[in-house]
Amino acid sequence: MPSLTVPSIPHYTLPPITKENLDYADLPIIDLSKADTSEGRAALARQVCDAMTNQGFFYIINHGLSPAQSERIFDIADVPFAQVDDEEKQKYAGTMKQTGSYQGYKLRQYWHVDGGVRDQIENYNINRDVNKRQHPEAVRPLLPEISQLMALGLELPEDTLVNMHGFDTVGESYVRFMKYYPRSEEDELNSKNVWLKGHTDFGTITILYSQPVSALQIFGLDGRWRWIKHIENALVVNAGDAMEFLSGGFYRGTIHRVVQPPIDQRTYTRLSAFYFAMPDDNVKLAPLLDSPVLQRVGIKRRFEDGADVPTVEQWRKARTSAYGQSELKTSEKDKDVEEEFINGVLVKHYN
Ligand SMILES: O=C(O)CCC(=O)C(=O)O
Ligand SMILES: [Fe+2]
């Protein structure tokens with residue numbers, strides 16, 4: 001990254017890791033320092049492909065961000081929450097339901113979680129074009145740094161996919177900062193300790209900065225939830241709906257959820273930082289039929305034959321408007337699953 005004058009902001013101290021012995025998911029670790037040679041890249045490509053077709057989640061280490069840069073990301077992430085007062089937060093609140101876009105704040109209690117319980121999570125979302133909207137005063141001096149972070153999100157491994165993620169085209173890849181606040185006993189009971197229901201992300205890939213408060217879990221092919229373990233200065237990557245659709249089901253949009261942290265971390269807030277990569281708005285979410293791999297392994301279609309395949313814009317808007325707001329129906333097959341149809345596609349939410 002070229003150097004910038006970095007504004008001085010308060011340091012955010014991340015909590016210590018848990019001492020509990022949790023059932024962790026065994027995820028592959030992609031060491032990007034091996035990408036310098038063509039053999040190294042070939043080996044990494046196989047590893048990533050394997051991870052994406054199986055768990056749909058992996059870690060990246062040696063990604064080029066120093067521990068100090070990663071620490072800085074959490075300092076920046078806390079600014080929209082700790083340095084902006086409620087009145088200003090209201091002023092920059094997003095209009096998800098009306099516009100299908102997450103830009104701005106998602107304030108606490110906007111989403112329905114389960115059993116009448118509403119969320120205790122604040123988000124602040126910034127489009128990859130950081131100048132697309134106005135931001136709270138405390139965030140403005142940080143925009144050049146946030147803008148540089150977006151560049152990292154574009155380093156996708158495949159040209160085909162990279163080309164669908166133009167930087168100057170119309171689209172909604174974005175950075176999200178997210179702060180989870182501890183909840184009341186009553187809320188924990190009524191929502192069975194689930195803070196964010198099991199879901200798939202909407203885009204191609206999500207990159208999250210590993211952080212120490214254990215709460216994120218992934219749903220394994222064996223039907224069990226397992227915890228994501230914190231790895232110092234690692235990135236955690238997962239595939240979303242757009243990736244699953246483009247790859248005809250070859251890469252899995254993995255179901256994940258957020259639950260109450262283990263007992264020794266329950267009093268902390270949980271701050272996280274993400275990059276959600278979304279193809280350009282005009283990309284049709286149909287399988288990439290030219291792929292020799294898809295021709296070999298076959299395609300799992302998520303859309304009815306003849307149904308209109310949605311564009312990225314249609315998909316992300318419909319998913320964003322519905323999320324945490326729509327009426328869900330309990331699945332006839334599984335009482336822990338709730339369902340809705342979006343653009344003719346069955347979308348599931350897990351408890
Ligand atoms: O906070 C987390 O670790 C996950 C949040 C998440 O899944 C999301 O924002 O889509
Ligand atoms: Fe997610």
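The shell around ligand 1 divides into 5 nonpolar, 2 polar and 1 charged residue. Here Ala, Val, Leu, Ile, Met, Phe, Trp, Tyr, Cys and Pro count as nonpolar, Asp, Glu, Lys and Arg as charged, and the others, Gly among them, as polar. The shell residues are M178, L196, D201, L208, L216, H256, V258 and S272; a residue is near a molecule if its C-beta atom, placed from the backbone, lies within 6 Å of it.

This is a predicted model, in which local features need pLDDT of at least 70, side-chain atom pairs count only at pLDDT 80 or more, and totals for chains, interfaces and linings use all residues. Residues are numbered from 1 along each chain as its sequence is written, while chains are lettered from A and ligands numbered from 1 in the order in which they are written.

**Sheet**
- An open sheet of 8 strands runs in the order 1-2-12-9-14-7-6-3, with mixed pairing. Strands (E, at least two residues) and helices (H or I, at least four) are DSSP runs, numbered from the N terminus. Two strands pair if DSSP finds at least two bridges between them.
- Strand 1 (29–31) and strand 3 (104–106) are the edges, and each pairs on one side only.
- On average, neighbouring strands of this sheet are turned by 25 degrees against each other, direction ignored. Axes are lines fitted to C-alpha atoms, for helices over the stretch in contact, and angles run from 0 to 180 degrees between N-to-C directions.
- Strand 6 (residues 121–127) and strand 7 are antiparallel and joined by 7 bridges. I121 faces Y180 of strand 7.
- Strand 14 pairs with strand 7 in the antiparallel sense over 7 bridges. R176 has F274 of strand 14 as its bridge partner.
- Strand 14 also pairs with strand 9, antiparallel, over 3 bridges. I207 has Y275 of strand 14 as its bridge partner.
- Strand 14 is largely enclosed by the rest of the structure, because 6 of its 7 residues are buried. A residue is buried if 20 or more other C-beta atoms lie within 10 Å of its own, exposed if 12 or fewer, and partly exposed in between; C-beta atoms are placed from the backbone.

**Nonpolar core**
- The largest nonpolar core has 68 residues. Such a core is a set of buried Ala, Val, Leu, Ile, Met, Phe, Trp, Tyr and Cys residues joined through C-beta atoms within 7 Å.
- Strand 7 (residues 174–180) gives the largest share of this core, 5 residues.
- F57, W195, L235, V236, V237, A242 and L285 have the most contacts inside the core.
- Beyond four places in sequence, V236 is in contact with F57, Y59, L208, S210 and I228. Contact requires C-beta atoms, placed from the backbone, within 7 Å.

**Helices**
- Helix 2 (residues 67–82) lies across strand 6, strand 7, strand 9 (205–209) and strand 14 (270–276), at about 105 degrees to strand 14.
- Buried residues of helix 10 (residues 312–322) include V312, W315 and R316. The buried residues of this helix pack against helix 4 (96–99), helix 8 (241–246) and strand 16 (337–342).
- G324 follows helix 10 and has a positive phi, near 70 degrees.

- Y105 sits in strand 3. Y105 counts as buried because 22 C-beta neighbours lie inside 10 Å.
- L27 is in the segment before strand 1. L27 counts as buried because 21 C-beta neighbours lie inside 10 Å. Beyond four places in sequence, L27 touches Q55, F57, F58 and Y59.

Technical notes
Two residues are in contact if their C-beta atoms, placed from the backbone, lie within 7 Å.
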